Structures are given as C-alpha cells and as structure tokens.
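Visitor: Please show me how to read this structure, one feature at a time.

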Amino acid sequence: MKKMLINGEWCDAQVGGTIPVIDPSTGQRFDDVARGAKPEVDAAVRAARAAYEGPWQKMTATERGRLLIKLAEKIAANEEELCQLEARDTGKPLSTARNDIKVLARYFEFYGTAADKVHGETIPFLNGHQVTLIREPLGVTAHVIPWNYPAQMLGRTVAPALAMGNACVLKPAEDTSLSALYVGQLALEVGIPPGVLNVVTGLGEEAGAALAEHPGIDFISFTGSNEVGTLVQQAAAKNAVKCVLELGGKSPQIVFDDVDVERAVPIIVKAIIQNAGQTCTAGSRLLVQSTIYDSFVARVAEAFSKVRVGAPVMDLDCGPVMNPAQLQRVNRYIQEAKASGVAVLAEGTIDAECNDGGYFVKPTLFGGVPRDHALACEEVFGPVLAAMPFEDEADAIRLANGTDYGLLAAVWTENAGRLTRVAKSVNAGQVFMNCYGAGGGVELPFGGTKRSGHGREKGLLALEEVSTTKTLVHYHG
Ligand code: NAD
C-alpha cells in the first residue's frame with residue numbers, strides 16, 4: 001500500500017481508506033494507494049504554506065535551480081524502475097513509458113536551469129523616480145493532473161512552479177498515482193525541503209475538489225476533461241485564484257495535394273496511435289484535399305492496418321486504454337459510427353497473447369466521416385481516426401476550425417506560402433508544419449484556445465503563469 005506525501009512524511013488517509021491500483025493490461029489489482037480527502041488536503045496546503053514562507057523562500061533562485069537539476073539527475077538514475085512502474089500503472093508500451101520518464105527528467109532540468117534566469121524590468125517614469133518590475137512566486141500552487149501521461153504531466157506543471165519558488169500540492173489521477181509518489185520520494189532524497197512538494201492521492205470528487213476549492217491556495221493548474229475543468233474554474237473563481245486549464249482536443253491533420261506522402265503517412269498514424277489515442281493532442285481528424293483523398297487515405301489505411309496492440313512488455317504500437325469506463329467510451333464511439341454507416345477503412349490488431357481481462361481496443365480508421373458526425377466533432381480519447389475530404393484552402397480552414405477545440409493542428413504541403421497562410425489561420429495553441437509533435441517539446445509553449453482551455457505551460461512562458469509581478473516605485477529626488 002502506498003501512502004501519501006505530506007510535509008515530507010508518508011501518511012495514510014484519515015477516513016478514506018485506500019483505492020486499488022489496477023494493471024490496465026490484465027484488469028488485475030496489484031497495489032493500493034491512500035484515498036486522501038479534505039483533511040489530507042488541508043494538511044498538505046498548510047505544509048506547503050509553511051515551506052513556502054520558510055526554507056523555500058530563503059533559498060536563492062540558484063540554490064532552488066540546483067535542487068531541481070539534482071532531481072532531474074535522480075530521476076534519470078532511476079529511469080528503469082520509474083519506467084517499469086509507469087508502464088504497469090498506465091498500460092503503455094515500455095518504450096513509451098521510457099520516453100515519458102526522460103521527458104519528466106527534462107522538465108526538471110529545463111526549469112532547474114531557468115530558475116535564476118527570470119529577470120525583472122525597469123520602466124521609464126517621472127523624473128526623480130526609479131521604477132522596477134520584479135517577478136515573484138504566487139505562493140501555494142495546486143496541480144490536478146490526469147492519467148494519460150502521469151509522469152510527464154507532473155513535470156510539466158510542477159517543475160516550473162517549483163523553479164519560480166512556489167510550494168506545491170499535487171493531486172495525481174486516482175488511476176495513476178505511483179510515479180508521482182516515487183518522484184515525491186526522490187525530491188526528499190535530493191534535499192528539497194519537506195512541504196515544498198506534497199502529493200495527495202485520492203478521488204477527483206474528494207481530494208481533487210477539496211484542493212480546487214481550498215481557500216489556502218494561490219493558483220491551480222488543471223489538466224483533464226472539460227467537464228471537470230469547468231468545476232475547477234468555478235472553484236478558483238470563488239477564491240479569486242488564477243487558474244490554468246489544459247483540456248481536450250480534436251486536432252486536425254490538414255493534408256494538401258502536394259504533400260510529401262512518404263514523410264506524412266507514418267507521422268499521421270503515430271499521432272493518433274500514440275498512447276492508444278489517449279493524448280489530448282492526438283491528431284484525431286485527417287482532413288485531405290479531395291484531389292488526393294482516395295489515394296492518400298489508402299496509404300494511411302495500409303499503415304493503420306499494421307498497427308499492433310499489446311501489453312507493456314510486448315512493446316508494440318499501443319497498449320490498452322486506461323480503465324473500463326474508457327474502454328466502454330471508445331468502443332461506444334466505434335460501434336455507433338459503424339451503426340450509422342460510417343465506413344471502416346482499416347483496423348489494427350490486438351495481439352493474441354493479450355490477457356482477456358485487459359482493456360484493449362482495436363485501432364480504427366473511419367473514412368468519409370460527415371462533418372457533423374460525433375467522430376468529426378467530439379474527443380474520443382482513443383485510437384480512432386476520422387478521415388474527411390476538403391476542397392480548397394478556404395474549405396480546409398473552415399473544416400479545421402469547425403470544432404469547439406483548439407489545441408494543436410498540423411499542415412502538410414510543399415507550398416511555402418500556403419503552409420504559412422493556413423498555419424496562421426488555424427485556431428490552435430500550436431501548429432506543426434510538415435511535422436507533428438503530440439506532447440513533445442518541453443521548450444515549446446503549449447496550451448489551448450476555445451474549449452481546449454487557457455493559459456500556457458511548457459517553455460519559459462510557463463514561468464509567467466506561476467508567478468506575478470510587483471511594481472516598485474522609488475522616489476530618489
Ligand atoms: P478528468 O477530468 O476526469 O480527471 C483529471 C483529474 O481531475 C484527475 O486527477 C481527477 O481525479 C481530477 N478530478 C476529477 N473530478 C474532479 C473534481 N470534481 N474536482 C477536482 N478534480 C477532479 O480527466 P481524465 O479522464 O483523467 O483525462 C482525460 C481528459 O484530459 C481528456 O479530455 C483529455 O483531452 C484531457 N487532457 C488534456 C491535456 C492537455 O494538456 N490539454 C493533457 C492530458 C489530458
């Protein structure tokens with residue numbers, strides 16, 4: 001049984017008991033985590049406040065940064081164990097889990113090295129005055145993360161907050177808390193003071209809600225579904241607390257008739273297969289110019305039919321989905337699309353060795369999807385790709401922008417002018433041109449427009465989100 005980390009100590013839940021930890025590739029329980037709730041959240045917020053006002057704030061930015069770099073090195077030194085843990089907890093192939101742990105370490109390295117490079121400004125003002133704008137931490141920051149990339153999400157949201165000098169309370173998803181607890185242990189080992197990073201495990205509606213509405217937090221970062229994101233923003237609003245929301249997506253791959261087919265096809269397939277499609281930035285819509293629609297989609301179908309699904313140790317193209325609810329949700333989208341007459345162009349294969357109790361889904365490519373169909377508009381969060389044709393540039397932009405989401409997009413064309421025009425017209429936080437980077441790029445500011453959320457994570461911009469400014473006006477005569 002794994003306990004929670006509050007104020008540098010490992011704690012049980014006062015009343016909640018435990019939550020089973022299930023291996024998605026077998027459906028079998030292999031561990032338990034503490035089911036924290038309001039009392040644990042209260043204790044964690046208190047601990048974070050004390051650490052923030054105490055040892056953490058007394059350190060120089062360089063000292064803080066060095067501790068984060070040490071944590072990055074410690075994560076790298078424990079890569080194999082973390083990788084095995086993450087793969088078992090999430091069901092993802094071992095090589096995907098390994099990449100996630102490398103990215104986790106990279107977040108702490110990137111923000112560790114940035115900690116003492118956050119500079120202020122001077123502002124010209126009245127004669128006899130000196131005005132300085134300084135950047136300060138917010139205080140206690142809360143972080144609620146989902147189950148799809150537990151390790152990466154932790155690094156993405158916690159590393160910049162710590163680099164800026166905030167103290168954090170992290171609530172991992174109830175399905176996947178193990179890597180967060182492991183990193184909490186490593187943080188203590190490298191000398192990050194107790195209370196600076198607290199990990200409260202528990203259910204969303206208990207621990208997550210208690211954290212979001214806690215009057216003692218100064219900021220909340222939430223990554224997850226739109227429904228819960230709205231609740232978190234409402235809770236933050238009640239306390240007038242700033243919040244960053246990273247929500248869903250329905251990202252388009254916009255393919256023009258002069259595309260470099262050999263380059264595009266494998267990247268497009270990987271962008272939806274990666275992590276069994278449970279990626280907010282999955283390229284889940286394939287928009288292809290009508291002049292090459294049939295031939296291009298046939299090439300994608302050929303590649304798609306070779307996709308293989310298996311348990312983490314098989315290290316195939318994708319693993320199972322996360323839990324029974326997710327399995328049901330993805331299969332419902334597939335069944336309903338089939339029932340409504342949408343053509344299946346290709347399906348992947350679930351390896352015969354897969355355990356019957358695992359949550360495996362057959363990756364499916366649908367073609368000629370009507371523009372108003374659920375598959376064209378809603379986030380499936382599974383390995384399901386919806387192909388549809390467009391006529392010209394204007395039609396492509398209209399179609400690409402025709403959902404509630406605006407997280408990522410990709411444009412594929414060898415025409416440089418069109419590439420830039422379309423990229424600038426697409427409503428999304430990131431646009432890839434002749435490439436795709438689902439989840440990649442610690443250095444690259446990331447976040448949504450429209451219903452995909454607001455605020456930016458990653459890159460140096462993330463440091464602005466987890467800090468505030470103070471304007472110092474000095475009359476010196
Ligand atoms: P979810 O919203 O159900 O859960 C996310 C987190 O919120 C979990 O830790 C959960 O315990 C917690 N939570 C649940 N109810 C809560 C409540 N009432 N108050 C506070 N916290 C609560 O989402 P999920 O199913 O874990 O993740 C899937 C969704 O996340 C998808 O929509 C996906 O697109 C999105 N996502 C977005 C990004 C991004 O960066 N934009 C990244 C990953 C996932």
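Visitor: Which residues is Arg 64 in contact with, leaving aside its neighbours within four places in sequence?

Guide: Contact means heavy atoms within 4.5 Å. Arg 64 touches Trp 56, Met 59, Ala 115, Leu 162, Ala 163, Met 164 and Gly 165. This is a predicted model: local features need pLDDT of at least 70, side-chain atom pairs count only at pLDDT 80 or more, and totals for chains, interfaces and linings use all residues. Residues are numbered from 1 along each chain as its sequence is written, and side-chain values use heavy atoms, with hydrogens and water left out.

Visitor: Is Arg 64 buried or exposed?

Guide: Buried means under 20% relative accessible area, exposed over 50%, partly exposed in between (1.4 Å probe, protein chains only). Arg 64 is buried, at 10%.

Visitor: Where does Arg 64 lie?

Guide: Helices are DSSP runs (H or I, at least four residues), numbered from the N terminus. Arg 64 lies in helix α2.

Visitor: How do the axes of α2 and α4 cross?

Guide: Axes are lines fitted to C-alpha atoms, for helices over the stretch in contact, and angles run from 0 to 180 degrees between N-to-C directions. The axes of α2 (residues 61-77) and α4 (residues 94-114) come within 7 Å and cross at roughly 165°. That makes α2 roughly antiparallel to α4 (over 145 degrees).

Visitor: Which residues of α2 and α4 meet?

Guide: Among them, Leu 68, Ile 69 and Ala 72 in α2 meet residues of α4 including Ile 101, Leu 104 and Phe 108.

Notes. Helix = DSSP H or I, 4+ residues; strand = E, 2+ residues; numbered from the N terminus. Parallel < 35°, antiparallel > 145°, perpendicular 65-115°, else oblique.
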